[in-house]
Amino acid sequence: MAIRLRLALVLAAVTALAATLSPAAATTAAARPAPVGRPAPGTTVLDGARLRQTKARLDRGDRRLRSALRTLTARADGWLDEGPWTVVDKPRPAPGGDVHDYLSQAPYWWPSTPPTADNPWGCPYVQRDGQRNPEVDTGTDRQDAEKVFDSTYDLALAWYYTGDRRYARKAAGILRTWFLDPATRMNPDLNHAQFIPCKYDGRAIGIIDFSQSYTAVLDAVAILDAGAPSWTGTDRAGMRKWNGDFLAWLRNSDFGAQEAAAANNHGTFYDLLVAGLAYATGDRELARDTVREAAARRIDPQVAADGSQPLELARTRSWHYSTFDLVAYTRLAAIGEHVGVDLWAHQGPDGQSLFKAVRYLLPAATGRTAWPYPELEFHRYAASDVVHAAADAGDPEARKAVPSLEEPPDGDLWALRPAAEQLDSIAG
């Protein structure tokens with residue numbers, strides 16, 4: 001007993017001496033707090049905590065993530081010498097005459113006669129569903145807006161994962177020019193989106209110009225908010241104000257009401273945009289209600305018992321639009337995770353669910369069978385992200401399918417930005 005007592009006293013003395021000489025030495029390596037890194041962004045669709053974990057894995061040298069990061073930074077590098085873009089530099093303003101108004105042209109409408117001096121547009125215009133009129137890419141803001149969405153997302157992610165200030169500085173400049181600078185900013189409405197020459201000055205359907213991709217900008221801003229250089233408190237406040245005004249327009253305008261009532265992908269994407277803007281501007285209740293109501297309002301009438309989406313199958317690009325609608329659903333489900341709504345768990349009265357909708361695509365997505373419906377331009381990889389989303393949400397069939405997915409032409413970035421994108425994107 002005396003020997004044990006002496007040993008205990010010696011150990012206590014040694015420990016006390018070590019603590020006196022070096023307090024850190026008295027703490028085991030396992031108990032030491034991890035170095036403080038970049039904070040988890042308060043992203044809207046992406047999971048900020050997951051981004052932070054991915055950043056830590058990259059810092060530890062994860063080879064698979066390093067390969068994906070090279071693809072991402074190559075894309076970000078490509079944006080460094082482009083832009084910024086602005087709505088005020090188009091050849092002619094929107095029909096209202098304000099150069100700050102966004103303008104786009106209906107993509108599937110074509111002139112019925114050759115233009116003449118008396119009829120410079122070739123009116124009347126006629127619809128050709130799924131066939132994109134190339135003139136819509138000149139003289140309007142549509143392509144520039146898409147570049148703003150894509151560039152800021154790529155650049156913000158590249159900054160977050162690498163710490164390279166060039167990416168943050170470029171993203172900040174693009175956002176300021178398009179949304180904040182009084183001389184170049186866009187008005188926070190879409191009154192002149194997808195106009196049809198000689199027919200409509202703008203259409204409710206044009207809201208999809210933003211609803212299909214703008215939530216990526218919300219995430220880009222949230223990532224920059226996590227300490228990016230060149231991004232100031234004034235910038236943060238300005239974007240919050242712009243987003244709040246845009247949300248108010250969406251909810252209170254006639255165009256917004258029409259798009260909210262749409263029964264196909266337009267309605268789904270409208271809900272995504274409203275929920276995303278609500279979450280980003282701090283209205284968690286509106287975000288939660290929008291996601292929750294989408295279960296009965298969107299999934300039940302839009303998804304059949306077998307998982308097909310009849311309204312999307314009726315299109316000339318049935319594969320594109322089936323995956324397109326699921327991009328909106330899976331992103332909406334991601335917002336739901338932030339506000340306590342599990343959209344993946346919903347089952348309609350006939351068994352409708354998001355899991356079933358994704359499973360319906362698996363035979364064609366994995367190349368096991370041909371897609372049996374009309375499709376002007378089939379790309380198998382278009383479904384890859386939505387299958388990833390279902391797999392991450394716990395569906396065993398989707399998980400089994402992941403190794404057989406076709407990689408998109410620009411590379412598979414799911415591991416770095418796990419939120420579905422329309423990989424075969426066409427405007428409209």
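**Helix H15**

I began with helix H15 (residues 384-392) in this predicted model, and found that 8 of its 9 residues are buried, so the helix is largely enclosed by the rest of the structure. The buried residues I noted in H15 are Ser384, Asp385, Val386, Val387, His388, Ala389, Ala390 and Ala391. I then asked which helices these buried residues of H15 pack against, and the partners turned out to be helix H13 (318-338), helix H14 (354-365) and helix H16 (396-401). I also checked the backbone just after H15, where glycine 394 takes a positive phi of about 110°.

**Alanine 145**

I next looked up alanine 145, which lies in helix H4 (residues 142-162). Leaving aside neighbours within four places in sequence, I listed Tyr102, Trp178 and Phe210 as the residues in contact with alanine 145. For one of these, tryptophan 178, I also took the C-alpha separation from alanine 145, which is 8.5 Å, although the two residues are 33 residues apart along the chain.

**Threonine 281**

My next entry concerns threonine 281, which I placed in the loop between helix H10 (265-280) and helix H11 (284-302). Is threonine 281 buried or exposed? At 17% relative accessibility it counts as buried, because the cut-off for that class is under 20%. Not counting residues up to four places away in sequence, threonine 281 touches Arg240, Asn243, Gly244 and Leu247.

**The disulfide**

I then turned to the cysteines and asked how many disulfides the model holds; the count comes to 1 disulfide. It joins cysteine 123 to cysteine 198, with an S to S distance of 1.9 Å. The pair links distant parts of the chain, 75 residues apart: I found cysteine 123 in the loop between strand S1 (109-111) and strand S2 (125-127), and cysteine 198 in the loop between helix H5 (165-180) and helix H6 (208-211). The link of cysteine 123 and cysteine 198 is right-handed, with 70° about the S-S bond. I compared the cover on the two ends and noted that cysteine 123 counts as buried at 13% relative accessibility, whereas cysteine 198 counts as exposed at 59%.

**The whole chain**

Last, I collected the overall figures for the protein. The secondary structure comes to 16 helices and 2 strands, and the C-alpha atoms fill a box of roughly 110 × 50 × 40 Å, taken along the principal axes. Of the 428 residues, 52% count as buried. Among the contacts with a separation of 6 or more, I noted that 72% come from residues 24 or more positions apart. I recorded an accessible surface of about 18,900 Å², of which 53% belongs to carbon and sulfur atoms. For the charged side chains, I wrote down 47 positive and 53 negative, with the centres of the two sets lying 10 Å apart.

Notes. Residues numbered from 1 in each chain as written. Predicted model: local features only at pLDDT ≥ 70, side-chain atom pairs only at ≥ 80, totals over all residues. Heavy atoms only, no water. Disulfide = S-S within 2.5 Å. Helix = DSSP H or I, 4+ residues; strand = E, 2+ residues; numbered from the N terminus. Buried < 20%, exposed > 50% of the residue type's maximum accessible area, 1.4 Å probe, protein only. Contact = heavy atoms within 4.5 Å. Areas by Shrake-Rupley, 256 points an atom, 1.4 Å probe, with all protein chains shown as cover. Lys, Arg positive; Asp, Glu negative; His and termini not counted. Charge placed at Lys NZ, Arg CZ, Asp CG, Glu CD.
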